[in-house]
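Please examine the model below with attention to backbone geometry and to the packing of helices. The text after it takes these two topics in turn.

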Amino acid sequence: MKKHGKKVLSLTGILGLTLLLAACSNKPITSHSTGIWDHYIVYNCSRFIIWLSNIFGGYGMGIIIFTIIIRIIILPMMFYQTKSMMKTQELAPQLKALQKKYSSKDRETMQQLQIEQQKLYKEAGVNPFASMLPLLIQLPVMWALYQAIWRTAQLKTGTFLWLQLGHTDPYFVLPILAAVFTFISSWLSMASMPEKNSMTTTMTWVMPIMIFFMALQFSAAITLYWVVTNAFQVVQTLVIQNPFKIRREREAKQAAQKAKQRKIEKAKRRAYSSKRK
């Protein structure tokens, strides 16, 4: 519970920092905009999306291609995050045993628990904070996309299918899709875990609901970004962290270990019988 609380607190802190650095201006973005955020990030993001839109036939397609490019760029970090998370999942029984061993809440015991956990992570080559890096990158990207849409007249008034990109989806299709893909992605990640807890199960259901209601408030452009990035995440999970394959491999490994243990026990019994004779 404490671990999940720290994650939520960290995410809130990153979001607050991102919004602070974004310097929320409502002035139209142009080539004359000044400052690192406006001129070098938001303006270039706006120009890049418009360039993609001209090539792929529309502002909606420009946002979709832009999102896919971003996901491909951060793919190596996502791969590292996924592998680190899988190693952490495999350590779950050992972490649970440590928590049971150091169950006392006094300061000295808590410090010893932290030392033992860090030692276990180091031996397994796991970085428990690896999951924060992709998030740290995606939040400024999403905010830059929001400002590029909102502060560029072409993008703000642009259309895609039934959508006006600067406004919310009137038929709630994108918020529903964003929630559905978030749920599938979370469920696939959870399905590969050797042990599940109530907090993980709850978050699998709570996060899609949160995404749905947040998407109702954001412009269609941002929600379209969410839909594409979460759909990409589903495909990425199936390729890198396929839970069905992981479960088969884990079950085969457990069966092999049980078979080995049975052979050892059988050999011990034979040796014991031989001694008695």
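**Backbone geometry and helix packing**

In this predicted model, Phe 172 belongs to the loop between β2 and α9, the latter spanning residues 173-191. Its backbone deserves attention: the phi angle of Phe 172 is near 60°, a positive value in a residue other than glycine. Most residues other than glycine have a negative phi.

A second case is found in the loop that joins β1 (159-160) to β2 (163-164), where Leu 161 is located. Leu 161 is not a glycine, yet its phi is positive, at about 55°. Is this residue buried or exposed? Leu 161 has a relative accessibility of 67%, and because exposed means over 50%, Leu 161 counts as exposed.

The second topic is a pair of helices. Helix α5 covers residues 92-101 and helix α6 covers residues 107-124; their axes come within 10 Å and cross at roughly 165°. Since angles over 145 degrees count as roughly antiparallel, α5 is roughly antiparallel to α6. The crossing of the two helices, α5 and α6, is right-handed.

Which residues form the contact between α5 and α6? From α5 come Gln 94, Leu 95, Leu 98 and Gln 99, and these meet Leu 113, Glu 116, Gln 117, Leu 120 and Tyr 121 of α6. By residue class, the contact of α5 with α6 comprises five nonpolar, three polar and one charged.

Technical notes: Residues are numbered from 1 along each chain as its sequence is written. This is a predicted model: local features need pLDDT of at least 70, side-chain atom pairs count only at pLDDT 80 or more; totals for chains, interfaces and linings use all residues. Side-chain values use heavy atoms; hydrogens and water are left out. Axes are lines fitted to C-alpha atoms, for helices over the stretch in contact, and angles run from 0 to 180 degrees between N-to-C directions. Helices (H or I, at least four residues) and strands (E, at least two) are DSSP runs, numbered from the N terminus. Angles under 35 degrees count as roughly parallel, over 145 as roughly antiparallel, 65 to 115 as roughly perpendicular and the rest as oblique. A crossing is left-handed if the near helix is turned anticlockwise from the far one by less than a right angle, and right-handed if clockwise. Contact means heavy atoms within 4.5 Å. Ala, Val, Leu, Ile, Met, Phe, Trp, Tyr, Cys and Pro count as nonpolar, Asp, Glu, Lys and Arg as charged, and the others, Gly among them, as polar. Buried means under 20% relative accessible area, exposed over 50%, partly exposed in between (1.4 Å probe, protein chains only).
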